[in-house]
Amino acid sequence: MFQFFSFLFHSFISTGRHNFLLKLNPCSWFRANKRRRWPPLRAALIQRASASATISERATFLALNRMISLFGPPEPTLLDKLKTSVSKTKSVLSETVDTIFQGERRISPALLKELETALLSADLGVTPTREILDALREKMDRNALANGEELKREIKAHIVRILTESRSVNVFQERASLNGHGPRVIFVVGVNGAGKTTSIGKLANRLKQEGLSVVLCAADTFRAAAIEQLEIWAQRNGIEVIKQKFGSDPAAVVYDAMAAAKARGADAVIVDTAGRLHTKSNLMIELEKMKRTAAKVIPGAPHDVLLVLDATTGQNGLAQARQFTNSVGVTGIILTKLDGTAKGGIVVAIARELRLPIRFVGTGEQINDMVPFDAQTYADSLFN
């Protein structure tokens with residue numbers, strides 16, 4: 001077997017065509033041979049490479065380890081993903097603060113005015129910005145702030161306070177509905193283009209990873225291809241989707257899904273609703289009808305109403321959250337595209353004004369690219 005890797009090295013490495021190795025699939029070979037000759041082979045290669053191996057043997061050893069490295073670095077943790085997602089906001093906020101206070105400049109009212117502009121530019125909102133500045137001025141009067149690092153610590157502490165004051169019930173804490181029976185029903189609402197269907201697929205994946213059985217409900221019967229998109233996510237997750245034909249009554253689809261999930265003993269039902277503008281009262285009324293239908297089959301449903309917001313919309317997202325909350329009783333936020341905007345401060349604005357918890361943050365396009373939101377990590381990521 002050692003000669004096999006020597007052949008690979010001489011055939012591809014020495015001829016400058018080593019990129020061909022990237023096309024190989026070492027996984028199948030490792031699986032087929034892990035019980036046979038792989039450990040002795042690797043031990044032999046290490047011994048040869050570390051002692052009296054020839055140049056060819058050392059190169060072959062490196063080639064083998066290069067193939068092993070094709071497995072890539074360890075997957076980033078949930079906290080790493082959240083830190084990455086706020087990188088653009090950090091570049092606007094934290095780096096601006098560093099610029100304002102560079103050169104050990106003392107904190108003054110003029111510098112706080114520049115800081116106010118930076119906070120508003122990151123879309124923290126008028127009220128949170130005013131509260132942060134008032135707290136900073138109070139500490140200035142007591143000579144409790146000496147430099148930019150102390151100021152950043154104070155801003156972080158205030159942001160964490162705002163975020164932790166919002167209602168923070170976990171969507172996974174209760175596996176059953178409020179009456180102790182049947183599935184937990186989760187409605188997902190939002191405007192078209194915010195990433196609603198994608199967020200449903202990722203949420204279903206998280207629930208399934210926690211050992212819960214999930215049923216999807218394709219109640220967005222107004223948008224072309226919405227049902228097909230949800231079916232694709234259902235296939236990726238290996239779960240069932242309840243649907244009817246395009247143009248059907250959404251409330252009828254909801255009824256079928258509730259009945260099916262209850263009969264199958266599912267743990268959760270995630271309902272995809274039609275994307276609607278928060279200003280369209282007739283569509284909001286349709287959503288209320290769907291909620292009443294769900295409650296007829298499963299008392300207390302829906303138990304969660306998650307609003308999907310596109311972080312790049314900034315303050316318009318806050319207006320959406322306000323209207324949806326007033327109309328359908330939103331219980332939490334899924335924030336998408338946070339990694340694509342410098343206005344990630346909208347997280348603070350939503351939590352401060354509406355007292356709504358940010359449940360999840362979308363960090364990419366893959367099925368695992370949704371992380372639970374953590375207030376302390378978010379604040380640390382902005383300034384560390």
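Student: What percentage of the 384 residues of the chain count as buried?

Tutor: In this predicted model, 49% of them do. A residue gets that label when its relative accessible area is under 20%. The chain also has 16 helices and eight strands. Take the contacts between residues at least 6 apart in sequence: 76% of these join residues at least 24 apart.

Student: Let's start with a helix pair. Why are α8 and α15 called roughly perpendicular to each other?

Tutor: Look at the angle. Helix α8, residues 126-141, packs against helix α15, residues 346-354, at about 95°. The class roughly perpendicular runs from 65 to 115 degrees. The value falls inside that range, so α8 and α15 are roughly perpendicular. Their axes are 8 Å apart.

Student: Which residues make the contact between α8 and α15?

Tutor: Helix α8 contributes Thr-127, Pro-128 and Glu-131, and helix α15 contributes Val-348, Ala-349 and Arg-352. Sorted by class, that contact holds three nonpolar, one polar and two charged residues.

Student: What makes α15 largely enclosed by the rest of the structure?

Tutor: Count its buried residues. Seven of the nine in α15 are buried, so the helix is largely enclosed. The buried ones are Ile-346, Val-347, Val-348, Ala-349, Ile-350, Ala-351 and Leu-354.

Student: Which residue just after α15 takes a positive phi?

Tutor: Arg-355, with a phi of about 55°. Arg-355 is not a glycine. Most residues other than glycine have a negative phi. Arg-355 belongs to the loop between α15 and β7, the strand at 358-362.

Student: Why is Arg-355 called partly exposed?

Tutor: Its relative accessible area is 29%.

Student: What phi does Asp-123 have?

Tutor: A positive one, about 65°, although Asp-123 is not a glycine. Asp-123 lies in the loop between α7, residues 109-121, and α8.

Student: How do you know that Asp-123 is buried?

Tutor: Its relative accessible area is 8%. The limit is under 20%, so Asp-123 counts as buried.

Student: Back to α8. Why is Leu-136 called buried?

Tutor: Leu-136, a residue of helix α8, has a relative accessible area of 0%. That is under 20%, so it is buried. Set aside residues up to four places away in sequence, and Leu-136 touches Leu-112, Leu-115, Leu-145, Leu-151, Glu-154 and Ile-155. For Glu-154, 18 residues along the chain from Leu-136, the C-alpha separation is 7.4 Å.

Student: What makes Asn-147 count as partly exposed?

Tutor: A relative accessibility of 24%. That lies between the 20% and 50% limits, so Asn-147 is partly exposed. Asn-147 sits in the loop between α8 and α9, the helix at 148-165. The C-alpha atom of Ile-107, 40 residues away along the chain, is 6.5 Å from that of Asn-147.

Student: Now the rings. What makes the pair of Phe-373 and Tyr-378 tilted?

Tutor: There is one aromatic pair in the count. The ring centres of Phe-373 and Tyr-378 are 5.4 Å apart, and the planes stand at 50°. Centres within 6.5 Å make a pair. Stacked needs under 30 degrees and edge-to-face over 60.

Student: How do you know that the charged end of Arg-236 sits over the ring of Trp-233?

Tutor: The charged end of Arg-236 is 4.5 Å from the ring centre of Trp-233. The distance limit is 6 Å, and a limit of 35 degrees from the ring normal applies as well.

Student: Why is Trp-233 called buried?

Tutor: Trp-233 has a relative accessible area of 7%. That is under 20%, so the residue is buried. Trp-233 lies in helix α11, residues 226-237. Beyond neighbours within four places in sequence, its contacts are Thr-197, Thr-198, Gly-201, Glu-365 and Ile-367. Thr-198 is 35 residues from Trp-233 in sequence, with 7.7 Å between the C-alpha atoms.

Student: One last item. What is omega for the peptide bond from Ala-301 to Pro-302?

Tutor: Omega is near -5°, and the bond is cis. Most peptide bonds are trans. Pro-302 is in the loop between α13, residues 281-297, and β5, residues 304-310.

Methods:
Residues numbered from 1 in each chain as written. Predicted model: local features only at pLDDT ≥ 70, side-chain atom pairs only at ≥ 80, totals over all residues. Heavy atoms only, no water. Phe/Tyr/Trp six-rings, centres within 6.5 Å; stacked < 30°, edge-to-face > 60°. Axes fitted to C-alpha atoms, helices over the stretch in contact; angles between N-to-C directions. Helix = DSSP H or I, 4+ residues; strand = E, 2+ residues; numbered from the N terminus. Parallel < 35°, antiparallel > 145°, perpendicular 65-115°, else oblique. Contact = heavy atoms within 4.5 Å. Nonpolar A, V, L, I, M, F, W, Y, C, P; charged D, E, K, R; others polar. Buried < 20%, exposed > 50% of the residue type's maximum accessible area, 1.4 Å probe, protein only.
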